[in-house]
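Visitor: I would like to learn how to read a structure like this one. Please take me through it feature by feature.

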Amino acid sequence: MGRPGWLTYAAIMMFVLGGFHILLAISEFADSTWVRSSLDVELFIPILFIWGILDLIIGAMALYAGFSILRGGAFGLLAGLGFAMLGVIRWLFYIPVSPVLAVVIIALDVLVIYGLTRYYEVA
């Protein structure tokens, strides 16, 4: 019997969301205009570099967890759950900047958490 579909979905979505976090980190490092123009609150602008570092860490964690889960590693479960939980918390802060994008990514992270907790068997 093969790997459950939800588990494969969680691994593939970790690749997609991890890549998205890395692209977002690059745009935050470059002080991208879409991030700056979307921010109404001056509090977030000086710490855009810190948000970029956080996104880079979350993205790298997601890519590693995706590889580990596809190989069948038990560490991928913990890293994947950590990624998804950090991702949900991180995107809660981005709701004022981009509400639709934040809600979609939070929903995808919740589905990753569901896929990992429901069908992952630690042997």
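Visitor: Which residues of α3 are buried?

Guide: Start with the term. Buried means under 20% relative accessible area, exposed means over 50%, and partly exposed lies in between (1.4 Å probe, protein chains only). In α3 the buried residues are L48, W51, G52, D55, I58, G59, A62, A65, G66, S68 and I69. An α-helix has 3.6 residues a turn, so residues three or four places apart point the same way. Keep in mind that this is a predicted model, where local features need pLDDT of at least 70, side-chain atom pairs count only at pLDDT 80 or more, and totals for chains, interfaces and linings use all residues. Residues are numbered from 1 along each chain as its sequence is written, and side-chain values use heavy atoms, with hydrogens and water left out.

Visitor: How many salt bridges does the structure hold?

Guide: First, the rule. A salt bridge needs a side-chain nitrogen of Lys or Arg within 4 Å of a carboxyl oxygen of Asp or Glu. The structure holds one. It joins the side chains of D55 and R90, at 2.5 Å from N to O. D55 sits in helix α3 and R90 in helix α4, 35 residues apart, so the pair links distant parts of the chain. D55 is buried at 0% relative accessible area. R90 is buried too, at 2%.

Visitor: Which residues have the most contacts inside the largest nonpolar core?

Guide: In soluble globular proteins, nonpolar side chains tend to be buried together. A nonpolar core is a set of buried Ala, Val, Leu, Ile, Met, Phe, Trp, Tyr and Cys residues joined through side-chain atoms within 4.5 Å. The largest one here has 25 residues, and M14, I69, F83, W91, V112 and L116 have the most contacts inside it. Helices α1 (5–29), α3, α4 (75–92) and α5 (99–119) each supply at least two residues of this core.

Visitor: Which residues make the nonpolar surface patch?

Guide: Patch residues have over 30% relative accessible area and no salt bridge; like charges are joined within 9 Å, and nonpolar side chains (Val, Leu, Ile, Met, Phe, Trp, Tyr) within 5 Å. Accessible areas come from the Shrake-Rupley method with a 1.4 Å probe, and for residues only the protein chains shown count as cover. Here F29, I47, F49, I50, I53, L56 and I57 make a patch of about 620 Å². Helix α3 (residues 48–71) gives the most, with five residues. I50 is in helix α3. I50 is exposed, at 56% relative accessible area.

Visitor: How many aromatic pairs are there?

Guide: Rings of Phe, Tyr and Trp (its six-membered ring) pair if their centres lie within 6.5 Å; planes under 30 degrees apart count as stacked, over 60 as edge-to-face and the rest as tilted. The count is seven. W6 and Y9 form an edge-to-face pair, 5.4 Å centre to centre with 80° between the planes.

Methods
Helix = DSSP H or I, 4+ residues; strand = E, 2+ residues; numbered from the N terminus.
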